[in-house]
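Subject: Structure handover

Hello,

The structure we discussed is attached below. My notes on it follow.

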Amino acid sequence: MQMTARTRSAVTQSNLKSRHKVAVTRVRLLREKHQQRRRRKRKDLPATLTTAVVVAVMAFLCRSAASLLKSPRAAPAVLSACRLYSSGGQYEYILVEKRGEKSDVGFIQLNRPKALNALCEGLMRELRQALDVFEADGKVGAIVITGSDRAFAAGADIKEMQNKTFQECYRTDFLAHWNRVSQSKKPVIAAVNGFALGGGCELAMMCDIIYAGEKAQFGQPEILLGTIPGAGGTQRLTRAVGKSLAMEMVLTGDRINAQDAKQSGLVSKVYPVDQLVSEAVKCGEKIAANSKLVSAMAKEAVNAAFEMTLTEGNHFEKRLFHSTFATGDQKEGMTAFVEKRKASFQDS
């Protein structure tokens, strides 16, 4: 049977369409394979880069550690790298690391030497961040805050405050966030060398213990600037040294030296300048060796004494005392005493 011209044309068109479909399918498959290869390469690339970065960082840290072992006077860049690694963040206005034989004391050094460690907004923000890091670190049992030999902190940053308005201060509750230091559950020790004036004195008083260098000076000179202390100066200073001395310091702007500060009860101990920081760290190590859980409870009880009547305070203390008997550390501490051995606290 012979095909007509129209039939042959229809068959030809059908064959062409089939071939076209096959060709399109092949092109699509090839394109998908190509895209899959590209995706696999993209997935592999970050892993390769991550591995390279890790290797480079570890190599750098090893070289840094080797240089530290070779020379006791390590370069500042190496020390900064170690601090960066240990603290988990980079800071502009403070230096952060761990100290003590067991690395259980958080160490924060204010580092604005040209401004005598004036407490600018950036410094206080970084101080809060460092405190948060140490609060979350289960190994750290105490924190030391210090400045330089010349100045713990010469006050708040006047240039930042100069042009603020009442509306702005009231709306933002200016300086309220400074209380983060006093709200730390872990004991905080201030090691004060040189000037602790205005906000610097207030910062020291927010800490739980103050050690002073022999040349330290404390003061609230805000009256000389046409204002008053705004971060606890009139309140904590009065509770520490009594009404008469607090009034004199706040109304005249006069300073007191380390010996007068100790005699008045503002600081607990005075040390030579070059021994101050190491002694503060030793105190931190003693605190860190105890139960961190119970230390926090003890700190809470002492702070309550400033907020309650004697009757209320005694009741609060008794309840906290009772609650320690629900802890494993109380059991361990008393058992160790009975068995005449050193307690091994687990902070639980």
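Helices and strands here are DSSP runs numbered from the N terminus, a helix being H or I with at least four residues and a strand being E with at least two. Under that numbering, asparagine 117 sits in the loop between β2 and α3. Please keep in mind that this is a predicted model.

The β2–α3 loop. Asparagine 117 has a phi near 60 degrees, which is positive although the residue is not glycine. Its relative accessible area is 1%, so asparagine 117 counts as buried. Leucine 116 also belongs to the loop between β2 and α3. The phi of leucine 116 is near 55 degrees, again a positive value in a residue other than glycine.

Strand β3 and its partners. β3 covers residues 142–146, and five of its five residues are buried. Ala142, Val144 and Thr146 point to one side of the strand, while Ile143 and Ile145 point to the other. Strand β2 (residues 105–110) runs parallel to β3 and is joined to it by five bridges. In this pairing, valine 105 is opposite alanine 142. Between β2 and β3 the chain passes through helix α3 (residues 121–136), giving a right-handed β-α-β crossover. β3 is also joined to strand β5 (residues 188–192), by four bridges and again in parallel. There, valine 144 has isoleucine 189 of β5 as its bridge partner.

Glutamate 202. This residue is part of helix α6, residues 199–206. With a relative accessible area of 3%, glutamate 202 is buried. Which residues does glutamate 202 contact, leaving aside its neighbours within four places in sequence? They are Gln220, Glu222, Pro229, Gly230, Ala231, Gly232 and Gly233.

Helices α11 and α12. Helix α11 spans residues 292–304 and helix α12 spans residues 310–324. On the α11 side, the contact is made by Met297, Glu300, Ala301 and Ala304; on the α12 side, by Phe316, Leu320, Ser323 and Thr324. By class, the residues in this contact are five nonpolar, two polar and one charged.

Regards

Methods
Residues numbered from 1 in each chain as written. Predicted model: local features only at pLDDT ≥ 70, side-chain atom pairs only at ≥ 80, totals over all residues. Heavy atoms only, no water. Axes fitted to C-alpha atoms, helices over the stretch in contact; angles between N-to-C directions. Contact = heavy atoms within 4.5 Å. Nonpolar A, V, L, I, M, F, W, Y, C, P; charged D, E, K, R; others polar. Buried < 20%, exposed > 50% of the residue type's maximum accessible area, 1.4 Å probe, protein only. Pairing = 2+ DSSP bridges. Right-handed = clockwise from strand over helix to strand, strands pointing away.
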